[in-house]
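Hi everyone, thanks for making time.

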Amino acid sequence: MSDQPRHFPDRPSLRYLKIEAKRRLSAGEFAALHEAQLAIAREHGLPSWTALKQRIEAENTASHALTHVRWVVSRFAAAGTPGWTPPDEEELRRHFDDRYLSLVPLDWVTHLFSTVAERLREGLTEVQAEPQYLRARLADLRIEAATEDEPPHRLSSLQMYPARDIGADNPEPPTSG
């Protein structure tokens, strides 16, 4: 473990730090994963792994699109499990603009995200977020999202498509919503 504090990156990635903790555990630097996580947090000047996660979340929430996509991920990840109830119209309207919901009916929004619930449980990676735009990866899916220009900055577009669809033969993702 280094005695020198590490600089917090401009675009911190919790996924990368989790991999680093596991790598350091595998290398025998620590006896338990929580010890590796604590060391990484302290190297970044934070008292705990929880504090590190909260700092990363705060750094990454500068994007309205990311905030709403995180809601979709967290809200629909449990779809199909006992006790899960789908969001009602009011809840969906807090996160999707009227234009989007006029193109994609409410019941279809619920159906669509419920069908990928298992993938949603894996969490977002490769996040590239701007205030009103997001590109990310979720399991084997690519996600692109955009929000309204004005508050409340609800989602005006949310596309999910297989990551393998992007390539030299097909450089553009399918369009929807």
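Some housekeeping first. This is a predicted model, so to speak: local features need pLDDT of at least 70, side-chain atom pairs count only at pLDDT 80 or more, and totals for chains, interfaces and linings use all residues. Residues are numbered from 1 along each chain as its sequence is written, and side-chain values use heavy atoms, with hydrogens and water left out.

Okay, the layout. The protein chain has 8 helices and 4 strands; those are DSSP runs numbered from the N terminus, helices being H or I with at least four residues and strands E with at least two. Reading from the N terminus, the order is α-α-α-α-α-α-α-α-β-β-β-β. Of the 177 residues, 40% count as buried, where buried is under 20% relative accessible area, exposed is over 50% and partly exposed is in between, using a 1.4 Å probe and protein chains only. For contacts with a separation of 6 or more, 46% come from residues 24 or more positions apart; a contact here is heavy atoms within 4.5 Å.

Now the rings. There are 5 aromatic pairs in the structure. To pair, rings of Phe, Tyr and Trp (its six-membered ring) need centres within 6.5 Å; planes under 30 degrees apart are stacked, over 60 edge-to-face, and the rest tilted. Take F76 and F113: that's a tilted pair, 5.3 Å centre to centre with 50° between the planes. It ties together distant parts of the chain, with F76 in helix α4 (residues 64-76) and F113 in helix α7 (residues 106-115), 37 residues apart.

So what does F113 do with F96? Their ring centres are 6.2 Å apart and the planes sit at 20°, so this pair is stacked. F96 is in the loop between α5 (89-93) and α6 (98-103), 17 residues from F113. Is F96 buried or exposed? Its relative accessible area is 0%, so F96 is buried. F113 is at 1%, so F113 counts as buried too. Zooming out, ring pairs join W71, F76, W84, F96, Y100 and F113 into a cluster.

On to the helix pair. Helix α1 (residues 14-26) packs on helix α2 (residues 33-43) at about 125°, with the axes 9 Å apart. For the record, axes are lines fitted to C-alpha atoms, for helices over the stretch in contact, and angles run from 0 to 180 degrees between N-to-C directions. Who makes the contact? From α1 we have L17, E20, A21, K22, R24 and L25, and from α2 there's L33, A36, Q37, I40 and E43. Over in α2, the buried residues include A36, Q37 and I40. Just past α2, G45 has a positive phi of about 80°.

E126, in strand β1 (residues 124-130), has phi near 50°, which is positive for a non-glycine. E126 is partly exposed, at 44% relative accessible area. A139 isn't a glycine either, and its phi is positive at about 55°; you'll find A139 in the loop between β2 (133-138) and β3. And the peptide bond from P151 to P152 is cis, omega near 15°, with P152 in the loop between β3 (141-147) and β4 (155-162).

That's my tour, thanks.
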